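Me: Hi! I have a structure open and would like to talk it through. Can you help me find my way around?

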Amino acid sequence: MTAILPDAPAELEFFAMHNSDLGPNGHRYNREESTDIQPVAERFLQGYTQSGTYAPEDFSALAALFRPDEGSE
């Protein structure tokens with residue numbers, strides 16, 4: 001990553017890990033998006049939309065992903 005984007009290798013890695021779906025394209029090849037965090041996000045969303053609650057460990061995992069300096073409730 002450093003060779004491709006020397007000023008922001010961590011940001012490029014984050015982008016690459018979570019931006020895998022190409023969407024509509026000429027060759028009709030689609031990939032899953034954010035497969036590493038997808039199970040956690042689905043559990044969080046399901047719990048929150050169905051009962052208004054969520055598992056603290058799922059919140060922490062999502063917080064750590066989007067706010068790496070905080071990562072806790």
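**Walking through the model**

Reply: Happy to! Let's start with M1, which lies in the segment before α1 (helices, H or I with at least four residues, and strands, E with at least two, are DSSP runs numbered from the N terminus). This is a predicted model, where local features need pLDDT of at least 70, side-chain atom pairs count only at pLDDT 80 or more, and totals for chains, interfaces and linings use all residues. Residues are numbered from 1 along each chain as its sequence is written, and side-chain values use heavy atoms, with hydrogens and water left out.

Me: OK, what does M1 touch?
Reply: Not counting residues up to four places away in sequence, M1 touches P6, P9, L12, E13 and A16 (contact means heavy atoms within 4.5 Å). M1 and A16 are 15 residues apart in sequence, and their C-alpha atoms are 9.8 Å apart in space.

Me: And is M1 buried, exposed or partly exposed?
Reply: M1 is partly exposed, with a relative accessible area of 43%. Buried means under 20%, exposed over 50%, and partly exposed in between, using a 1.4 Å probe and protein chains only.

Me: Where is the confidence lowest and where is it highest?
Reply: Confidence is lowest in helix α1 (residues 9-18), at a mean of 83, and highest in helix α2 (residues 38-51), at 94. For the chain, the mean pLDDT is 83, and 82% of the residues reach 70 or more. pLDDT is the predictor's confidence in each residue, from 0 to 100.

Me: New topic: how many salt bridges does the structure hold?
Reply: The structure holds one, and the side chains of R43 and D58 form it, at 2.8 Å from N to O. R43 is in helix α2 and D58 in helix α3, 15 residues apart, so the pair links distant parts of the chain. The term means a side-chain nitrogen of Lys or Arg within 4 Å of a carboxyl oxygen of Asp or Glu.

Me: Which residues make up the largest nonpolar core?
Reply: There are seven: I37, V40, F44, F59, L62, A63 and L65. Such a core is a set of buried Ala, Val, Leu, Ile, Met, Phe, Trp, Tyr and Cys residues joined through side-chain atoms within 4.5 Å. The largest share, four residues, comes from α3. L62 touches I37, V40, A41 and F44, again not counting residues up to four places away in sequence.

Me: Last one: how many aromatic pairs are there?
Reply: A search of the whole structure finds five. One of them is F14 with F66, an edge-to-face pair at 6.5 Å centre to centre and 75° between the planes. F14 is in helix α1 and F66 in helix α3 (residues 56-66), 52 residues apart. Rings of Phe, Tyr and Trp (its six-membered ring) pair if their centres lie within 6.5 Å; planes under 30 degrees apart count as stacked, over 60 as edge-to-face and the rest as tilted.

Me: What about Y54 and F59?
Reply: Their ring centres are 5.5 Å apart and their planes are at 25°, so the pair is stacked. Y54 is partly exposed, at 27% relative accessible area, while F59 is buried at 19%. Ring pairs also link F44, Y48, Y54 and F59 into a cluster.
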